[in-house]
Amino acid sequence: MAGFEIWALGFCRRAMLVMAVASMIPFANSYGEGAGKPDADAGWALRRQGMVAQLKAYHITNAPVLAAMGRIRRHVFIPAAYRDVDNAYADAACPIGCGQTISQPYIVAYMTEKLALKPGDKVLEIGAGSGYQAAVLAECGADVYTIEIVPELARHARAVLDAEGYRRIHVLTGDGYKGWPEYSPFDAIIATCAPEEIPKTLVDQLKEGGRLIAPVGRGFQRLVILRKQRGQIEQEEDLPVRFVPMVRK
Ligand code: SAH
């Protein structure tokens with residue numbers, strides 16, 4: 001067996017061990033934890049390490065993305081009514097209320113990796129939802145502007161981001177089809193809800209050399225990655241995905 005395969009096998013065994021140990025530790029939901037505080041219950045941290053091990057097993061390699069997702073307490077972004085030990089760090093989307101979901105960790109990592117962020121990049125997100133993806137972008141060094149159309153979710157995202165210490169992320173209650181002209185152009189744009197086609201307004205708000213990633217389509221959707229190079233738009237289709245629709249007001 002090649003050295004890499006042996007290493008990979010050892011890695012998988014270690015990851016499974018971490019997950020098995022994590023699943024044996026009983027713990028309740030933690031509420032009211034403040035910014036920057038460690039988890040009151042070590043079980044959450046173990047689950048989070050298990051999630052990161054799985055992201056690596058799924059070939060996410062970008063170190064800042066893995067470090068960010070290893071640090072951010074995904075469980076506190078899931079409203080208490082929907083949070084439990086099995087869903088908070090599982091590789092699955094999870095309800096956050098108002099008929100919306102926090103995205104699957106693998107897709108969050110994949111889309112963030114594809115944006116190839118540099119520290120200080122100005123990034124626009126459409127669909128703040130729980131605020132989790134915005135926190136991942138911020139932990140990767142981006143200056144984040146995020147728009148959410150459902151006022152209750154925008155308030156939730158703001159409150160969790162404040163509690164976790166992300167006061168520099170800007171949250172706007174509004175319609176993402178309009179973008180955020182006051183702060184444009186952006187180095188990168190990410191949509192976490194699916195339009196039928198990429199809105200021209202968003203392409204217009206992308207900087208020269210900028211990247212945009214969005215799930216596109218109704219029913220059947222694909223991730224689309226768009227780049228603006230020397231005034232030209234290059235577009236490539238990527239993974240099939242399933243996101244909530246980007247709605248119009
Ligand atoms: N990024 C989120 C997941 C968002 S789910 C997270 O990390 O939790 C998609 C979100 O897009 C939902 O909250 C939905 O209300 C929002 N949305 C749908 N259409 C929108 C629009 N036109 N403008 C802004 N937000 C929109």
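Reader: Which residue in S2 is the bridge partner of Gly-97?

Author: The bridge partner of Gly-97 is Gln-100, in S2. This is a predicted model, in which local features need pLDDT of at least 70 and side-chain atom pairs count only at pLDDT 80 or more, while totals for chains, interfaces and linings use all residues. Residues are numbered from 1 along each chain as its sequence is written.

Reader: How are strands and pairing defined, and in which sense do S1 and S2 pair?

Author: Strands (E, at least two residues) and helices (H or I, at least four) are DSSP runs, numbered from the N terminus. Two strands pair if DSSP finds at least two bridges between them. Strand S1 (residues 94–97) and S2 pair in the antiparallel sense, over three bridges. S1 and S2 form a hairpin with two residues between them, and Cys-98 in the turn has a positive phi of about 60 degrees. The chain has eight helices and nine strands.

Reader: Which residues come nearest to the ligand?

Author: A residue is near a molecule if its C-beta atom, placed from the backbone, lies within 6 Å of it. Here 23 residues are around the ligand, and Gly-127, Gly-129, Ser-130, Gln-133 and Gly-176 come nearest. The elements that give two or more residues to this shell are S2 (100–102), helix H6 (132–139) and strand S4 (143–148). S2 gives the most, with three residues.

Reader: What should I look for in the core?

Author: In soluble globular proteins, nonpolar side chains tend to be buried together. A residue is buried if 20 or more other C-beta atoms lie within 10 Å of its own, exposed if 12 or fewer, and partly exposed in between, with C-beta atoms placed from the backbone. A nonpolar core is a set of buried Ala, Val, Leu, Ile, Met, Phe, Trp, Tyr and Cys residues joined through C-beta atoms within 7 Å. Of the 62 residues in the largest nonpolar core, Val-123 and Ala-134 touch the most other members. H6 gives the most to this core, with six residues.

Reader: Which residues of helix H3 (residues 63–71) are buried, and where do they lie around the axis?

Author: The buried residues of H3 are Val-65, Ala-68 and Met-69. They are on the same side of H3 because they cover an arc of only 90 degrees around the axis, taken from the directions from the helix axis to the C-beta atoms. These buried residues pack against helix H2 (42–57), helix H5 (105–114) and H6, where contact is C-beta atoms, placed from the backbone, within 7 Å.

Notes. Contact = placed C-beta atoms within 7 Å.
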